[in-house]
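Morning, everyone. Please have the sequence and the structure up while I talk.

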Amino acid sequence: MQPVNIENLQIDKLILPACRTNPVKVDVLRLDKIHPVISGNKWFKLRYYFEEALQLNRKLIITFGGAWSNHIVATAAACSIHQLKSVGIIRGERPRNLSSSLREAESYGMQLHFLSREDYSKKIIPDHLINEHYYLVPEGGYGLLGARGAGTILKSINLITYSHICCAVGTGTMIAGLATAVTTQQVVGISVLKNNFEIENSIRPLTLGTHTTPDIHHEYHFGGYAKYNQVLIDFMNACYATNQLPLDFVYTGKLCYAINDLIAKGHFAENARLLIIHSGGLQGNLSLRNDVLIF
Ligand SMILES: *Cc1c(COP(=O)(O)O)cnc(C)c1O
């Protein structure tokens, strides 16, 4: 598998429908460009976990995730690059047909272990896997090392031109890292989970000592995690037609839809300069029928 190439990071201008009548300017940071599989924020969230695992000379990485988890696929691919063994502990019974994400993870050599929802919620590692040589990466990369890695997303960016950094929020690890990396910018997050008001509490321990509190919006989940409707699909197709920017329907589609809506509603000052983080995840679109998106 090819290595991750951060040189491929680029910033594009983004023309959202609301920008036609509003002077707010929007750029998008293309993390989706750094690697075809470990796309986007996952590589940044994983980098210090892998650094630590390699330092400790661990040969096996264990992590947790759901059947459609981008984190599972990214961890499997990163392990294959570092020639480490990997085990993915997956929520729920083994289905007759594996999701495309899990098949992909297996193709990178990850062993899958399925846990009942109850055992999964307790994060029980099956006995036969427990030995002193494994390294546990928390579910979704959530944790201080994950946030520290996510903070490096902004390392090569000339932040001074931006007033706001905007991203999608799942576990909150990425936005926590961004909040620790900004100077004067406001950090804006769009929660992709329904009514996940606990997220502010999850972010807080990862942002201790920073002066910014992320501004999280909860109204753009489209019914919940990985739920969507025609309005979202039409928006994503229009965004591609105008900008040639591919979005995924789980995270970045909802993010860009929300930012457009917030601009239209006058949420940002007229001189605002937004940087939207394209956090990758495009392989999630494989679960859609193939005539739904124009890209
Ligand atoms: C995992 C993921 C996120 C969410 O990141 P968190 O750190 O869990 O909040 C956002 N966008 C994409 C594309 C992802 O795959």
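Predicted model: local features only at pLDDT ≥ 70, side-chain atom pairs only at ≥ 80, totals over all residues.

**Pockets, salt bridges and cysteines**

Start with the lining of the largest pocket: by class, 14 residues are nonpolar, 18 are polar and six are charged.

Residues are numbered from 1 along each chain as its sequence is written, and side-chain values use heavy atoms, with hydrogens and water left out.

What is a pocket here? The search runs on a 1 Å grid over the protein atoms alone. A pocket is an open set of points with protein on both sides within 12 Å along at least five of seven lines, and lining residues have an atom within 4 Å of a point. Volume is the space filled by probe spheres set on the points, with grid points joined across faces, edges and corners.

The largest pocket holds about 800 Å³ of space. Its lining takes in 38 residues, and nearest the centre lie Trp 68, Ser 69, Asn 70, Tyr 225 and Tyr 251. Two or more lining residues come from each of helix H1 (41-55), strand E3 (60-65), helix H2 (70-82), helix H4 (117-121), strand E7 (164-169) and helix H6 (173-181). H1 gives the most, with three residues. Helices (H or I, at least four residues) and strands (E, at least two) are DSSP runs, numbered from the N terminus.

Now the second largest pocket. Its volume is about 180 Å³. H1 supplies the largest share of this lining too, six residues. H1 and H2 each give at least two. The lining includes Trp 43, Phe 50 and Ile 81. By class, nine lining residues are nonpolar, one is polar and two are charged.

Next, salt bridges. The rule is a side-chain nitrogen of Lys or Arg within 4 Å of a carboxyl oxygen of Asp or Glu. How many does that give? The count is eight.

Take Asp 12 and Arg 30, whose side chains meet at 2.9 Å, N to O. Asp 12 sits in strand E1 (residues 11-13) and Arg 30 in strand E2 (residues 25-30), 18 residues apart. Arg 30 is buried at 5%. Asp 12, at 21%, is partly exposed.

Glu 106 and Arg 94 form another salt bridge, at 3.4 Å, N to O. Glu 106 lies in helix H3 (residues 100-107) and Arg 94 in the loop between strand E4 (85-91) and H3, so the pair ties together parts 12 residues apart in sequence. Both are partly exposed, Glu 106 at 34% and Arg 94 at 47%. There is also a network: salt bridges with shared partners join Asp 12, Arg 30 and Asp 32.

Last, cysteines. A disulfide needs a pair of cysteine sulfur atoms within 2.5 Å. The structure holds zero. Cys 166 is buried, at 0%. Cys 79 is buried as well, at 1%.

Note on methods. 1 Å grid on protein atoms, 1.4 Å probe; cavity = no way out; pocket = protein on both sides within 12 Å on 5 of 7 lines; lining within 4 Å. Nonpolar A, V, L, I, M, F, W, Y, C, P; charged D, E, K, R; others polar. Buried < 20%, exposed > 50% of the residue type's maximum accessible area, 1.4 Å probe, protein only.
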